[in-house]
Amino acid sequence: MATIHRPRRGSLAFSPRKRAKSQVPRTRYWAAGEEKARMDGFAGYKAGMTHLIMIDDKPNSLTEGMEISVPVTILETPPLSIAALRVYEKYNGGVRAAGEAWSEKLDPYLARSITVPKNNRGRSLDDIGAKIDKMAELRLIAYTNPKLLTGVPKKNPDLMEIQVNGSNIEDQFGLARDLLGSQMPISSVFAPGSVIDVSAITKGKGTQGPVKRWGIMLQKRKHSRGGKRRHIGNLGPWNPHHVRRTVPLMGQMGYHQRTEFNKRVLAIGSDGGEITPEGGFPGYGLVRGEYAIISGSVPGPAKRLVRMRNAVRPKDADLKTPEVLYISTDSKQGL
């Protein structure tokens with residue numbers, strides 16, 4: 001008799017599949033530092049997808065040097081405002097916050113998202129600079145400016161931390177001090193051809209049963225109870241006396257944080273009208289300001305906040321600035 005082989009349905013890699021706590025993705029790891037100090041990330045809002053024609057510049061590709069069609073995602077990227085700098089010191093095998101200095105130039109809408117520190121708004125830059133030898137990491141507290149967009153119906157900024165990388169902490173502190181209180185465009189962080197990682201919260205689908213959530217088979221007619229077929233056969237063995245985490249059950253589906261590695265920035269522009277399709281992007285509308293074109297798809301629905309960082313495990317391929325020949329602006333609404 002043949003050996004019964006039936007792989008389990010659904011991956012346990014992302015368990016537990018809970019709802020994300022915040023719509024702002026968490027970034028727990030950053031790329032290794034380089035010689036020149038730089039801000040290591042940015043954020044934008046997802047507008048939609050289209051396609052473009054470009055010259056394939058991947059080495060050893062079967063279509064190298066030929067025109068290819070590439071699906072892309074459009075992100076509208078208003079400037080990021082730098083609200084504060086925060087320093088971390090080594091502690092108990094990790095790091096902990098050791099102090100922060102806030103800018104006096106803050107958007108009034110920021111008070112809608114957080115309680116803005118009053119008085120001196122933290123420690124002064126001189127106090128922090130005096131203990132620069134004890135710093136382990138330095139990060140910027142930045143916030144978005146959705147009030148500049150017409151496709152995102154809110155004015156409350158999204159707040160996040162972005163690490164400053166560099167060869168030494170003195171250069172990082174000097175860069176952070178210069179950026180404090182300023183607005184950073186995406187062109188000052190990334191360039192066409194950059195390899196990045198993107199993080200976002202996926203589209204929420206609510207509570208779903210095990211058939212849709214885990215991909216199990218429908219019960220056969222004789223195995224169904226009361227004509228119900230969308231359930232599992234049993235909850236597991238007698239021992240141990242509890243339901244194991246491997247048993248496919250109903251629960252939350254979607255609205256999880258997901259990170260996609262090694263996406264490529266194909267183009268950056270300042271006039272969204274160049275890439276907006278006729279009638280606008282479905283569920284978003286018109287892109288009017290600065291934008292970035294990312295290869296492939298990006299997690300989340302339209303209007304979702306998308307965080308970008310320099311790739312933490314880039315491939316060895318030496319890619320140059322992409323040569324984009326055509327960006328489709330045909331209607332996405334069947335017009």
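**Note on the predicted chain**

1. Pro16 is placed in the segment that precedes strand 1 (38–39). The peptide bond between Ser15 and Pro16 is cis, with omega at about -5°. The model discussed here is a predicted one.

2. Another cis peptide bond links Asn239 to Pro240, where omega is about 0°. Pro240 belongs to the loop between helix 3 (210–214) and strand 11 (251–252).

3. As to overall architecture, the chain has 3 helices and 15 strands. Along the principal axes, its C-alpha atoms fill a box of roughly 75 × 55 × 40 Å. Of the 335 residues, 43% are buried. When contacts between residues at least 6 apart in sequence are considered, 77% of them join residues at least 24 apart.

4. The chain carries 53 positive and 31 negative charges, and the mean positions of the two sets lie 19 Å apart.

5. Strand 3 (residues 67–76) pairs with strand 2 (residues 41–55) in the antiparallel sense, over 10 bridges. Within this pairing, Glu67 of strand 3 is the bridge partner of Ile55. Strand 3 is also joined to strand 13 (residues 291–295), again antiparallel, by 5 bridges. Here Val72 stands opposite Ser295 of strand 13.

6. The loop between strand 2 and strand 3 contains Asn60. Its phi is near 65°, a positive value in a residue other than glycine. Asn60 counts as exposed because its relative accessibility is 76%, which is over the 50% cut-off.

7. Lys303, in the loop between strand 13 and strand 14 (305–310), likewise has a positive phi although it is not glycine, with a value near 80°. Its relative accessible area is 33%, so Lys303 is classed as partly exposed.

8. Ser331 lies in the segment after strand 15 (324–327). Is Ser331 buried or exposed? At 19% relative accessibility it counts as buried, because the cut-off is under 20%.

9. The surroundings of Ser331 can be described through its side chain. That side chain reaches the backbone oxygen of Glu278 at 3.4 Å. A polar atom of the Ser331 side chain also lies 3.2 Å from the backbone nitrogen of Gln333. With neighbours within four places in sequence set aside, Ser331 is in contact with Pro277 and Glu278.

Definitions and conventions. Residues are numbered from 1 along each chain as its sequence is written. This is a predicted model: local features need pLDDT of at least 70, side-chain atom pairs count only at pLDDT 80 or more; totals for chains, interfaces and linings use all residues. Side-chain values use heavy atoms; hydrogens and water are left out. Helices (H or I, at least four residues) and strands (E, at least two) are DSSP runs, numbered from the N terminus. Buried means under 20% relative accessible area, exposed over 50%, partly exposed in between (1.4 Å probe, protein chains only). Contact means heavy atoms within 4.5 Å. Lys and Arg count as positive and Asp and Glu as negative; His and the chain ends are not counted. The place of a charge is taken as NZ of Lys, CZ of Arg, CG of Asp or CD of Glu. Two strands pair if DSSP finds at least two bridges between them. A polar contact is a pair of N or O atoms within 3.5 Å; within protein, one must be able to donate a hydrogen and the other to accept it, and residues adjacent in sequence count only if both atoms are side-chain atoms.
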